[in-house]
Every structure is written in structure tokens, then in C-alpha cells.
Number of protein chains: 2
Amino acid sequence: MADVATLAGVSSQTVSRVANNRQNVDSATREKVLSAMQTLGYRPNTAARALVTGRFGALGVISFDVGAHGNARTLGAIADAAREADFSVNFMGVRAQTEAAVRHAFQHLMLQSVDGIVLVESQMLDTPSLRLPPSMPVVVADGDTGHEYPHVDFDQAHGSQSVVSHLLGLGHRTVWHLAGPADSFAARRRAESWRRTLTDAGAPVPPVVYGDWSARSGYRAGLDLAHRPEVTAVFAANDQMAMGLMRALHEAGRSVPGDVSVAGFDDIAEAAYLVPPLTTVHQDFEVVGKHCVALLLDQIEGRTDGPRRRAVEPVLVVRSSTAPPRPGAPA
Amino acid sequence: MADVATLAGVSSQTVSRVANNRQNVDSATREKVLSAMQTLGYRPNTAARALVTGRFGALGVISFDVGAHGNARTLGAIADAAREADFSVNFMGVRAQTEAAVRHAFQHLMLQSVDGIVLVESQMLDTPSLRLPPSMPVVVADGDTGHEYPHVDFDQAHGSQSVVSHLLGLGHRTVWHLAGPADSFAARRRAESWRRTLTDAGAPVPPVVYGDWSARSGYRAGLDLAHRPEVTAVFAANDQMAMGLMRALHEAGRSVPGDVSVAGFDDIAEAAYLVPPLTTVHQDFEVVGKHCVALLLDQIEGRTDGPRRRAVEPVLVVRSSTAPPRPGAPA
DNA sequence: CTTCAATATGTTGACGTAAACATACCGACC
DNA sequence: GGTCGGTATGTTTACGTCAACATATTGAAG
């Protein structure tokens, strides 16, 4: 910086002003400084800047397995939103579903100088209430709404409800549910809302069938459901399970949606190209990322009047895998 | 740090020594300092440390869509390996397949104070030879081997070869190939090696069928291939396409592996649970992550004698989707 | 008892930046 | 023409740490 100042014939403070885009710099001076920067290949030193400002310009993201589609999408969205706000993203993966593992990742990120942390919780930990070291802004995504931190998630309840209502509206007497694993927050909420929507509508509540998000588990559940003639509509908690389910139904000679309507959740890229194209619930991860970053910035910048909870509305996408029940179907 | 020093009754320099785990500190003094740190909740300031040492303790990762399975896995593996080396990972996503977009992400990461950058290239850019600003260690993963940077990738050629050899060894006269998109480096290498293995074995080379990695594209290709009785073995360039392919064959009444053997590439989580379980090529992403970090550290620490190219050997996993051709099948 | 080496600890200064304050200049107004 | 307010720029200082050097202490060897 000193070299730039010398070359441009100004003080280092003026260089600093130009680097930070302050307004009160003469345009001619600014030009001189910029060209000097160019000549010398000057890059501001973020460490020195952070030392003075106390800000690092970085957000931390803690997430479970990024091999999982939702987690990866969420991470990508947070990274995009962070860049918009001129923050970089420090990523740290966690393997074990334990509070200890999360806390360890947290400690590591604190040491790595981030201004705030997004915890993509997605799965339940071994302890019911997460307690992290204070003095660090935190936002939880996809996780438990029980603890003290601001929270961002899709409105799973609304998504489920729209699917179940859609199927009931088509004339189905009730809707079966192929749920995700019990340790997933999203799976729980989807199942709860499915149940409530049925009871609110006065429809009978069939037993829940559990899968593990995989197509394989959907297939196995489907082999069972295919033998029950009373099953005319199934809501799978994600698209992969819906895929497996449809395949099992097909193999058992039950047509979709002729004999059985099937709906999923997530709207993965392939959903529109399945046979038949899958009715599902679309989720806008970009919005989730934006909200996470916004809530974090609220805390970092000391704003306490903002919302502490954001629910992103998913949208029902009706395709061809759902239809009215066949007339004269078992009631 | 000054407070810790006061509380422990030592100088700040001694605190620094304890924080950095230097040897020449009396164990009693060390204890005092550590307990003072505990009491005051002291955390070293990485910005100040970076300012003095010139090191940031962070690696940058630039990647295309993390929604893609391979990219997400690679990112996760790099993050894990980086943590082992006490580096954090600064992630930046790139949407457009242009050199300009990559260069932009690169600039941003340079400003964000990283010690080196891994570029997960995976897809071809608009310009043939990538040129990045110098004075920053770079490692390219999954990408073009043509440019100057050290490179890490799976040995796609070997993986392809083992699949094709396996199928030829079972007695198939030749092997068809369902390739990935032309702008993918991995897809190109897999296709090239498939072709070479066939010609080396004196087998005829059928026309290449192109997909786009999706199950849908595999399905569509399968609808076509199913009508050709001369097709007895197909090597799909990834597992998703193999899935779609198998489904199309099944619908067309051609059994797998009875009528047609199918092999994939990637060994995704579902591969072992398909019907039939898929013969495919397993890739160890963890090793790729480790190599990326190791090559980067070589550069950061000024070692120039290390290897400049690392190929991770994928492993053929034979399951039930491949078998000898039906006796008396068309030759 | 002196000398020396080894070990433990303290003191000083520098890293690159931006905030706070100080100064210089300009034009407008009474 | 003097005072005032605004704008452009310069000067000083502190941020938290660690390297380099300086000093104190200890024990062993001569």
C-alpha cells in the first residue's frame, strides 16, 4: 500500500479510501491511485484489514454429508448468497450426528475467523438441545426449531399439506405416507403435517410406512403397498423413494396414476422426466440461502429487530403421476 | 492476549509460545497460561497471526454446480483432507462454463486470503487453455491435463478399460457405449479408453450413443438400443444413465443380464440396490481430496520435487448386471 | 569459584490497514 | 472581506500476534 501511495503521490490513507470505495475522493486522484494499483499489482491484505476492523468477511457453514442432495444444494445457495454480500464461505463437514462433532466443527470455525456460522442441521443430534459457545452469531437451517438460534427452513408442513389436499381433492378416500427416516427433522415435519391434514379432513389415517430416503427403500415399501387394493394414493416424503415406489407398483402390475396416484417431495432434476412425470413439491434453495445469510448479517451487524424465523414456501408441482381414483375402486 | 498474560503473570510472548505449542516453556508456566486462557475464554486472533506470518490457513475451492454428485463428493473430500492439515476451506461456486467466470471466482478468492486454490474443473471452459493470475498455488482436479498446473483425477482410462475388458472377457463380441456429454473431461476420457480397449482387442467399435449423465437420457438411449438384437453388452459412462438404460431394456422385454449386460461408472450409493445390482466402477473421493491438498501444500511450502500429477485408480465392482452372452445370441 | 552452555522468559518492533483526528483548500454568504 | 461549512487529503495511532533479540536463571564442567 505504501508503494502505491508513493507512486500515486498521495498518502496511504487516500489509497485506503480508494480501495474501500469511499466517496470523498477526487476523481482525478482516484484515477491516479487506481492506475498505480494496477501497475504494482496491489491486492489489499485481508488479514490486516480484519485486524483493524474486527471483521473477517467470512461465514462458516457446518453441514452433514454434502453427498446428500439437499445439503449440497443448501451449501451452494448459501455460498452464492454470501458472495452477493461480499462474504466468503468457510465450509466444514461433519460426519457423526453428535453434538460433540458439531461443537468440534464449531470450535474449528471460530478459530478460523468467521463472522458467523450457518449450521445445516438436517439430522437430529444425540442430544436434544444444542448448546454452542456464545459470542458467535449462528443461524440454523433445516434443523430443530427448539433451540435459541434464528432458523431458516422450508415450510414442510405447508408442502405436505398441499400434496395431501391435492390428492384428497382428486377424490381419494385417504392418502398413504411413505416417510423418511425418524432422525430427520424434515421427515418428521412432513409426516406430522400429512397426519394433521388427513384428520382435519376427516379422512382415515393409514399406518405410516418408513423408508430411508433411498429409491431402494421406496421400492421395498412399494412391493408391500402394491398388494393392498385399498391403496389408491401414496405421498412419498422425497422423490427418490417415490421413484422406487413407482417402479415396484409398475412391476406389480398396478398402473400409475391409473390404479395408484404417487406424489413426491423435492422436485429433483429427474422428477419431470420420470414415467410418468412426478407430481412433487418444488423447493427453492436459493431463497433459503439468501435468508440464512440475511439473518446472519442481522446478528453480525447488531440488528435485533429482524425476524428470527424464516419459512420458505415450497410449491406443489402437479404433473402426471396423480389422478382421480378409478371409478369403482375399493373404498 | 495481554489479559491472559497479566492473569498468568507472564509476558504476552510466553502466552504466544504456549498458544503455538513451542517446546521451551516450563510445564508449570504452561499450565498457568492454559488455565488463564480457559478462564478468560481466550481465542487467538487469526487475522493478527496471518498478518505476521503471511499465512492464512485457508484453501480455496472453486467448483461448478455442487448439486452434481461428483462435485459435491470432491468438495467434501477436499474439506476433510484440508482439516487434517489444519486448513479451512473457502468455497466458491461457479455457474457459467467460461474462463471469465472461473477467473472472477479466482480473483475473489485471492482477495479472501487463501494460501492456495483447488479448481474442480469437471467441465470444459469456453477457452482451451486456462490462464490464471500467477503468484497463487493452484491444483486442478477432474479437469484438463493440458495446462500448467498440477493435476489430480481418477484414472478414467483404467476404469473404462477394466469395464470393457470384463465384458469382453465374459465372451461378448463387442461392447456398446453410452457416453456422457461432450463437454465433460471425464466423459471424454471414458469414451476414448472404451474405444481403445475395443480396438486393442480387435473387437468392432459400435457407434457411440450420447447421453447427458441423467437417468432420463439413459432411458431414451435404452429405448433405441433395446430394438437392436446385436446389442448384448452396454457400458454406460455413469450409473444414472445405466439405471435409465436398464429400465428401458426391462420395459422392452430384454432381461438384464440375460439378454443384455449393463455396466455403469461411479458406484453411487444406490448401485448395489438396483435390480439387478449394478456392475460399476468404484471411485474413492477421499483419496482425491487428500492428493489435492497434498499437492497444494507442496506448492505453498515451496517444495518443487513432488509429483505434479496424481491419478487415483478406480476399482471395478462386479455385481449381477453383467454375465456371459446367452448361448446362440446373434454374433 | 569461575566460566560456559542451555533453558526459560521478557522486551521491542513490525506486519498492512482503517479509524480518528488534524489540516488545507474552496466557495458562499452576510 | 471575514466567517463559515463542506470537501479533499494528510498524520497519527492501534489492532493482536510473532520473530528477533535481550536478559535472567540454572546446572555442569573446569
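Asn45(A) is partly exposed, because its relative accessible area is 36%, which falls between the 20% limit for buried and the 50% limit for exposed. Bear in mind that this is a predicted model.

Where does Asn45(A) sit in chain A? The residue belongs to the loop that runs between helix H3 (27–40) and helix H4 (46–53) of that chain. A polar atom of the Asn45(A) side chain lies 2.7 Å from the backbone nitrogen of Ala47(A). There is also a relation to Met1(A): 44 residues separate Met1(A) and Asn45(A) along the chain, while their C-alpha atoms are 9.2 Å apart.

Now to chain B. Here we have an open sheet of 4 strands, in the order S7-S6-S8-S9, and the pairing is parallel. Which strands are at the edges? They are S7 (209–210) and S9 (261–263) of chain B, each of which pairs on one side only.

Strand S6 (residues 176–179) of chain B pairs with S7(B) in the parallel sense, over 2 bridges. As for individual residues, Leu178(B) has Val209(B), in S7(B), as its bridge partner.

Two helices of chain B to mention next. Helix H8 (residues 185–200) of chain B packs on the sheet and touches S6 and strand S8 (233–236) of chain B. The direction of H8 makes about 170° with that of S6(B). Helix H10 (residues 239–251) of chain B also packs on the sheet, touching S6, S8 and S9 of chain B. For H10, the angle between its direction and that of S9(B) is about 160°.

Methods
Residues are numbered from 1 along each chain as its sequence is written. Chains are lettered from A and ligands numbered from 1 in the order in which they are written. This is a predicted model: local features need pLDDT of at least 70, side-chain atom pairs count only at pLDDT 80 or more; totals for chains, interfaces and linings use all residues. Side-chain values use heavy atoms; hydrogens and water are left out. Buried means under 20% relative accessible area, exposed over 50%, partly exposed in between (1.4 Å probe, protein chains only). A polar contact is a pair of N or O atoms within 3.5 Å; within protein, one must be able to donate a hydrogen and the other to accept it, and residues adjacent in sequence count only if both atoms are side-chain atoms. Two strands pair if DSSP finds at least two bridges between them. Contact means heavy atoms within 4.5 Å. Axes are lines fitted to C-alpha atoms, for helices over the stretch in contact, and angles run from 0 to 180 degrees between N-to-C directions.
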